[in-house]
Amino acid sequence: MTVDRRGFVIRSGAGAAGLTIGLSGCGTGDGGQGVGAEWPTDPDALEARYRDNIYTRLLGVRPHLPAHEHVSRLGGGRMDAEVIAAMAEANEFFVDMNELLEAAGARIAERLGTEAALVTAGGFSAMVLGAAGCLTGTDPERVHALPLPTWPRCECLIQTPHRFGYDRAYRDAGMTIVEAETREDFRAALSERTAMIAALATAERQTMFAPPAPVDWAPAPGPEVMTVREQIEIGRAAGVPVLVDMASDLPTGVGLVEFVEAGADLIVISGGKGIGGPQSSGILAGRAHLVEAARLNASPNDGIGRGMKVGKEEIVGLLVALDRYVARDVESWVAGWSDMARRIAAGLADVPGLTAEVVANTAGYEDVELTWDPEVIPLTTEEAKAGLMAGEPRLAYLMTVRTRLLREGEDALVIRRLRDFFTEAGSGA
């Protein structure tokens with residue numbers, strides 16, 4: 001099996017081609033993200049929208065059915081109508097950005113139970129700014145020195161299983177990454193040069209960095225993988241701040257305040273994934289002195305984060321989305337994802353040569369895994385992937401295809417698209 005978080009999955013196996021359709025979310029009328037009163041639920045009307053919309057009219061770009069995880073490359077997520085309305089109202093007024101960031105940070109910190117918080121330009125931005133704050137403190141000369149620190153305390157310690165492609169954010173801030181394989185190596189690497197310990201929440205769930213995967217694809221971490229809490233305790237004892245990236249784990253991987261309560265010094269949250277805010281927003285929250293140091297490195301100041309601007313509208317949208325998230329019945333919300341997965345699997349059950357199986361994933365909800373008999377449906381996974389994206393409406397999938405971004409009615413359109421595609425492919429065998 002080959003996994004690329006930004007790409008697709010190819011699963012090899014004797015006698016059958018396969019792809020995984022992970023169906024993990026339903027946009028219901030009052031709880032789904034991006035549900036507007038004018039949005040139709042009839043599949044025919046929905047398909048007409050996919051043919052004629054702002055993207056096709058303005059640019060000739062064809063949207064695709066969002067049967068996938070929140071992925072920036074595929075468009076991110078959907079915002080609720082209330083979030084969009086708040087952003088539209090915020091657009092009509094002008095405010096001092098430092099005042100707005102301070103007030104927004106205080107409101108977010110209250111929701112999360114942290115000392116302070118900062119709105120950032122996405123999760124990656126929060127990682128850069130958190131690292132920058134740990135490097136510079138509130139020293140203005142150090143702020144302006146980044147990303148080339150001239151002082152010795154500039155190392156970021158990471159256990160190997162907690163490494164992932166986006167941890168280059170810490171290097172972008174100016175840190176030198178020190179990688180430790182074992183617990184013994186980790187403790188030995190702690191020194192007066194260690195400015196920060198970086199932990200990845202996903203590493204507690206599965207051994208590959210990717211969205212939740214079927215449990216038989218992604219082995220659970222072994223005892224050699226340090227838990228986030230273990231690293232927090234080590235950092236506390238050594239006097240080294242611990243930053244926990246949990247950007248990809250809400251709402252099912254971790255609780256919103258789980259690592260805050262465990263004592264993390266900084267946490268990173270994506271504003272545009274499970275929270276349902278603007279795609280280009282994020283949250284850095286934690287100790288007041290570290291958040292203040294990060295703020296000095298951030299826009300509208302002229303530190304390393306100057307280009308990581310967050311608009312006033314995005315800040316307001318994130319606040320409204322966070323309020324909605326905190327008030328949400330997460331258990332019922334997530335259960336709806338599995339319900340939709342079962343509906344789609346049932347809707348594909350009689351396609352000749354195709355097997356649709358509901359399987360559990362590493363985050364605890366259900367996906368639909370599709371495999372097919374190549375004697376009936378003579379397609380490779382790559383051919384199926386390309387064909388689904390080329391058709392009408394387009395259908396994209398990453399490692400799994402998820403319903404957490406689908407609105408009510410779009411599940412029927414997903415069924416129709418998959419039925420038509422695999423039936424047509426089988427009829428030509």
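Tutor: Buried means under 20% relative accessible area, exposed means over 50%, and partly exposed lies in between, with a 1.4 Å probe and protein chains only. This is a predicted model, in which local features need pLDDT of at least 70, side-chain atom pairs count only at pLDDT 80 or more, and totals for chains, interfaces and linings use all residues. Residues are numbered from 1 along each chain as its sequence is written, and side-chain values use heavy atoms, leaving out hydrogens and water.

Student: Is arginine 416 buried, exposed or partly exposed?

Tutor: Arginine 416 counts as partly exposed, because its relative accessibility is 27%. This arginine is found in helix H15 (residues 410–427); helices (H or I, at least four residues) and strands (E, at least two) are DSSP runs, numbered from the N terminus.

Student: What does arginine 416 touch?

Tutor: Leaving aside residues up to four places away in sequence, arginine 416 touches Pro43, Asp44 and Glu47. Contact here means heavy atoms within 4.5 Å. The side chains of arginine 416 and aspartate 44 also make a polar contact at 2.9 Å. A polar contact is a pair of N or O atoms within 3.5 Å; within protein, one must be able to donate a hydrogen and the other to accept it, and residues adjacent in sequence count only if both atoms are side-chain atoms.

Student: How far is arginine 416 from isoleucine 344 in space?

Tutor: Their C-alpha atoms are 9.6 Å apart, although the two residues are 72 residues apart in sequence. Isoleucine 344 is one of the buried residues of H13. Helix H13 covers residues 330–347 and reaches 26 Å from its first C-alpha to its last, close to the 26 Å expected. The expected span is 1.5 Å times one less than the number of residues.

Student: Turning to the strands, why is E10 described as largely enclosed?

Tutor: Five of the five residues of strand E10 (residues 282–286) are buried, so the rest of the structure largely encloses it. Gly282, Leu284 and Gly286 point one way, while Ile283 and Ala285 point the other way.

Student: Which strands pair with E10?

Tutor: Strand E4 (residues 116–120) pairs with E10 in the antiparallel sense over five bridges, and five bridges also join strand E9 (residues 266–270) to E10, again antiparallel. Two strands pair if DSSP finds at least two bridges between them. Alanine 117 has alanine 285 as its bridge partner, and serine 270 stands opposite glycine 282.

Student: How many disulfides does the structure hold?

Tutor: The structure holds zero disulfides, a disulfide being a pair of cysteine sulfur atoms within 2.5 Å. For cysteine 154, the nearest cysteine sulfur is that of cysteine 156, 11 Å away. The sulfur of cysteine 156 is 8.6 Å from the closest cysteine sulfur, in cysteine 134, which is too far for a bond.

Student: And how many aromatic pairs are there?

Tutor: There are six aromatic pairs. Phenylalanine 164 and tyrosine 166 form an edge-to-face pair, 5.9 Å centre to centre with 65° between the planes. Rings of Phe, Tyr and Trp (its six-membered ring) pair if their centres lie within 6.5 Å; planes under 30 degrees apart count as stacked, over 60 as edge-to-face and the rest as tilted. Phenylalanine 164 is buried at 9% relative accessibility, whereas tyrosine 166 is partly exposed at 24%.
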